[in-house]
Amino acid sequence: MSRLQHLPISLQKSICEKSFLKVIAGLSNFDKVSVANVAKAASLGGADLLDIACDPALVDLAIQNSDLPVCVSAVNPELFPAAIEAGASMIEIGNFDSFYAQGRFFDATEVLYLTSQTRKLLPEVFLSVTVPHKLPLDKQSQLALDLLEQGADMIQTEGGKLSSPKSSGNLGLIEKAAPTLAATHAISESLRNSGSMIPVICASGLSSLTIPMAFSMGATGVGIGSAINKLTSHIEMVAGVRSLRESISSSRNLIKKLEYN
């Protein structure tokens, strides 16, 4: 049985329909108030998945404040089993953005090792793996193929954290998203050429403006973090998630019309 079938039905549906929206509280965010606020906003705003730091107490907190499935993120495979026992639906190696300010970078060999160790610990749990954006695009594509061989069920891109837009307004938002969009296109094309249907999640640096671009690049879904968790009020956060949801719906409807015609 595919590990996808181990996920909640609602999550399976959004992945299969390529309308997946993940709200990310942050791999290094252990602030309970912040995580609870993100969880509530993600649920009320119409997200499909909540991504939090890998901690059983945070999993319990997220479940109390949201009706969404929970993904836990870490770079230490040993942390995953306890979080799954606490009720997490899936696990993720990465996102690595929070480590870059510390001068900590991940190469392909380390990511493959973390993936193999995680798969040994939890052979039946759905596993997403982030491809480090510091690698050249051809190396990112090759790593995605290698991760598939190691048992990854989903690939996630990144790149927005270290992107430095030179423009303001909409042009700046596009520049911010450019690295993760480019990675999504390269990885999706490489996987497609290999005959793989593994989902690709475009994450880091996206906005309502650039979400349609992510889907046009081949993404199955998107992951949004700072665009939501940097907001200061509950109303703003919920509205922000709803805006992302509407952007996804609009882009998917447009793609369906183009396919029909």
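1. The β-α-β unit. E3, helix H4 (residues 80-86) and E4 form a right-handed β-α-β unit; right-handed means that, with the strands pointing away from the viewer, the path from the first strand over the helix to the second runs clockwise. Helices (H or I, at least four residues) and strands (E, at least two) are DSSP runs, numbered from the N terminus. The model is predicted, so local features need pLDDT of at least 70 and side-chain atom pairs count only at pLDDT 80 or more, while totals for chains, interfaces and linings use all residues. Residues are numbered from 1 along each chain as its sequence is written, and side-chain values use heavy atoms, with hydrogens and water left out.

2. Strand pairing around E4. Strand E3 (residues 70-74) runs parallel to E4 and is joined to it by four bridges; two strands pair if DSSP finds at least two bridges between them. Ile-93 of E4 is the bridge partner of Ala-74. E4 also runs parallel to strand E5 (residues 127-130), with three bridges, and Ile-93 stands opposite Val-129 there.

3. Side chains of E4. In a regular strand the side chains alternate between the two faces of the sheet. In strand E4 (residues 90-93), Met-90 and Glu-92 point one way and Ile-91 and Ile-93 the other, and all are buried (under 20% relative accessible area, with exposed over 50% and partly exposed in between; 1.4 Å probe, protein chains only).

4. The largest pocket. A pocket is an open set of points on a 1 Å grid over the protein atoms alone, where a 1.4 Å probe fits, with protein on both sides within 12 Å along at least five of seven lines; lining residues have an atom within 4 Å of a point. The largest pocket holds about 720 Å³ of space, the volume being the space filled by probe spheres set on the points, which are joined across faces, edges and corners. Its lining has 32 residues, with Gly-205, Gly-225, Ser-226, Ala-227 and Asn-229 nearest the centre. H10 gives the largest share of this lining, four residues. The lining divides into nine nonpolar, 17 polar and six charged residues (nonpolar: Ala, Val, Leu, Ile, Met, Phe, Trp, Tyr, Cys and Pro; charged: Asp, Glu, Lys and Arg; polar: the others, Gly among them).

5. Arg-245. This residue lies in helix H11 and is buried, with a relative accessible area of 17%. Arg-245 and Ser-208 are 37 residues apart in sequence and 8.6 Å apart in space, C-alpha to C-alpha.
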